Amino acid sequence: MSILRLILKYCLQIKETRQEFNNDKERYDESATFRNAVCLCLLQIGELVGNLSDEFKEANSNIHWRSIKKLRNIVAHRYKTIDFNLVWVISMREVPDLAVFCKSFLTEQE
């Protein structure tokens, strides 16, 4: 499924960005570039999630698809209200889990 490949690509870009900044929360707090890079990838992931079928999302309800889409809407439309601490937590905890899901699902489909 090409949508999951793209979601995985953005998950990995978040990981790479964090690694470039040494996973340093202080650098994240100080760098608009770091924050923006993570937010753009999250926006893209949320956009892609909107292209997944309802059946797929229901069959894989262990992923919080609705929350991913809601975060996309905040990043896209209410940038001034983004909780960057929450984005940091999501990038450290939720995004790696999403990447594992995508890799696993794609491997099963091969």
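Me: How do you know whether Phe56 and Phe105 are buried or exposed?

Reply: In this predicted model, Phe56 and Phe105 are both buried. For Phe56 the relative accessibility is 8%, and buried means under 20%, so Phe56 counts as buried.

Me: What makes the rings of Phe56 and Phe105 an edge-to-face pair?

Reply: Their centres are 5.1 Å apart, and rings pair if the centres lie within 6.5 Å. The planes stand at 85 degrees, and over 60 counts as edge-to-face, so the pair gets that name. Phe56 belongs to helix H4 and Phe105 to helix H6, so the pair ties together parts 49 residues apart in sequence.

Me: Why is Phe101 called buried?

Reply: Its relative accessible area is 11%, which is under 20%, so Phe101 is buried.

Me: What makes Ser91 buried?

Reply: Ser91 has 1% relative accessibility; the limit is under 20%, so Ser91 counts as buried. Ser91 is located in helix H6, residues 84–109, and touches Ile14, Arg18, Val38 and Pro96, leaving aside residues up to four places away in sequence.

Me: How do you know that the charged end of Arg35 is close enough to count as over the ring of Phe84?

Reply: The charged end of Arg35 is 5.2 Å from the centre of the Phe84 ring, and the distance cut-off is within 6 Å. Lys9 likewise lies over the face of Tyr10, at 4.9 Å from the ring centre.

Key
Residues are numbered from 1 along each chain as its sequence is written. This is a predicted model: local features need pLDDT of at least 70, side-chain atom pairs count only at pLDDT 80 or more; totals for chains, interfaces and linings use all residues. Side-chain values use heavy atoms; hydrogens and water are left out. Helices (H or I, at least four residues) and strands (E, at least two) are DSSP runs, numbered from the N terminus. Buried means under 20% relative accessible area, exposed over 50%, partly exposed in between (1.4 Å probe, protein chains only). Contact means heavy atoms within 4.5 Å. Rings of Phe, Tyr and Trp (its six-membered ring) pair if their centres lie within 6.5 Å; planes under 30 degrees apart count as stacked, over 60 as edge-to-face and the rest as tilted. A charge sits over a ring if NZ of Lys or CZ of Arg is within 6 Å of the ring centre and within 35 degrees of the ring normal.
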